[in-house]
Amino acid sequence: MKDHLERRMTTTDLNRMTARNVQVYYGQNHALKDVDVDILDKTVTAFIGPSGCGKSTFLRCLNRMNDTIQGARVEGQILLEGEDIYDRRVDPVQLRAKVGMVFQKPNPFPKSVYDNVAYGPRIHGLARSKAELDQIVESSLRRAALWNEVKDRLAAPGTGLSGGQQQRLCIARAVATNPEVLLMDEPCSALDPIATAQVEELIDELRANFSVVIVTHSMQQAARVSQKTAFFHLGHLVEYGDTTQIFTKPRDPRTEAYITGRIG
Amino acid sequence: MSENHILRAFDRDLDAIQGLVMKMGGLVETAITDAAHALEAGDLDEAERVRKADRDIDVLEYRINEEAARVIALRAPTAGDLRVVLSVMKIASALERVGDYAKNMAKRTQALVELGHTPVVAQAGASLRRMTRAVTELLSDALDSYAARDVALAQDVRIRDQEIDQMYNALFREFLTHMLEDPRNITPCIHLHFIAKNIERMGDHATAIAEQVVYLTTGEVPDDPRPKAENVANLPKS
């Protein structure tokens, strides 16, 4: 029987995603240099660093969101379950069902709560019947800790929910396709402290089933929710390690300068 | 870390707490020196001053803990900053204990003076003074190593503590001999022995402070066994 102090650590060494020697260019600008990272199974990995350090750029590489940016070029290797996600045979739409994303501002579709969650399963053909789709919607909303609040108004527009509820609706939408990895780009920066705490609690619960990667400007949030932390600075991955180690004994002076709030 | 925080009030908070620790260290060093002098000179007034001055040391420890709690609550310190806050609390606690030992020395001085003049007290006085001087230097070096973040000096303090241990062992044997020679020596020797034991404990606290300096600077608590010479529990049966 493991106690709480052991359970909160990473529970696996299994890699979901592996990035090796990743370079990103925006035109002439070399935005990300030589990044190697492992995204572990059932683990929350936090990316921290000052604005423009490349953390969001790297997050967007993990489900090929940079494909849509004019002039962006990605080099190196990013593997999901051992397969190169930049292989020509990979369909980015299929990839994004396996690597879901939640954005900074809650962005529910202008549809009902139900249809927001059902959207992904529908386009990917994950449900064979209405009953099965109902089941997916309910379990996704439960996983997003939203079911009890919205079960009586599934037909109401998703945009009518509170900000925190909208963000959890977006998380339910992302988990509805049963992804392997969930990417979150500043998921709490538009939320109040209570809604933030609810989303953080949710992230901790999601870890049981998914790998979560979160980009955050709040170092305290990274410290609270993650087991692994990667610190980016000027396009480099400066340090990657256990969150406890990063926040108590960082190895690189640049990491120390950043997390202690000094000019780095 | 030489760079300043972007939020300069954070630097001022940390500097202020560390200033309190240095001030506390100064009061404790004075207390030891004065207590040793009072013992040697049989000066009751000075002993009384040492006892009263211990209150100031206790108040400083309380203030340091309050300030450390405030920094943790308001500034959420991490990495090197966190280690500063954790180490000041431990150092303050070690200094408070040393202050208590000095106060106890003053208390026993009063008891010894009431016993009247005995040759053993005069004889032990010089040895205790040497031991006190050595422990004051050890403590002062521990605090200097803290102020300068000097790991080499801190390691030196850890090693030198065995000198204090050896002095204590020698005194222990000396007191034992006096007591065997004449039962009238038992009461003063028991007091003198507690004083010697307390000075030996001061050395251990100086070592604990030095260990905090190593932790503060490197992030690791030293785990190599430091040499120890205190072994009166293993004295041959006489």
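Chain B holds six helices and zero strands. The model is a predicted one. From the N terminus on, the order of elements in chain B is α-α-α-α-α-α. Along the principal axes, the C-alpha atoms of chain B fill a box of roughly 70 × 40 × 20 Å. The radius of gyration of chain B is 20 Å, which agrees with the value near 18 Å that a compact globule of 238 residues would have. Of these 238 residues, 40% count as buried.

Two helices of chain B were examined as a pair. Two packed helices are described by the angle between their axes and the distance between the axes. Helix α1 of chain B covers residues 8–41, and helix α2 of chain B covers residues 44–75. The two pack at an angle of about 160°. Their axes lie 9 Å apart. Angles over 145 degrees count as roughly antiparallel, and α1(B) and α2(B) are therefore roughly antiparallel to each other. The crossing of α1(B) past α2(B) is left-handed. The contact of α1(B) with α2(B) has 19 nonpolar residues, one polar residue and 11 charged residues.

In chain A, helix α4 spans residues 113–123. Its buried residues are Val113(A), Asn116(A), Val117(A), Ala118(A), Gly120(A) and Pro121(A). Just after α4(A) comes Gly125(A), with a positive phi of about 60°.

The two chains also touch. In this contact, 12 residues of chain A meet 14 residues of chain B. On the side of chain A that touches chain B, the elements giving two or more residues are α10 (243–248) and α11 (253–259) of chain A. The most comes from α11(A), with three residues. By class, this side of chain A has five nonpolar, four polar and three charged residues.

Methods:
Residues numbered from 1 in each chain as written. Chains lettered and ligands numbered in written order. Predicted model: local features only at pLDDT ≥ 70, side-chain atom pairs only at ≥ 80, totals over all residues. Contact = placed C-beta atoms within 7 Å. Helix = DSSP H or I, 4+ residues; strand = E, 2+ residues; numbered from the N terminus. Nonpolar A, V, L, I, M, F, W, Y, C, P; charged D, E, K, R; others polar. Buried ≥ 20, exposed ≤ 12 C-beta atoms within 10 Å, placed from the backbone. Axes fitted to C-alpha atoms, helices over the stretch in contact; angles between N-to-C directions. Parallel < 35°, antiparallel > 145°, perpendicular 65-115°, else oblique. Left-handed = near helix turned anticlockwise from the far one by under 90°. Rg over C-alpha atoms; globule rule 2.2 N^0.38 Å.
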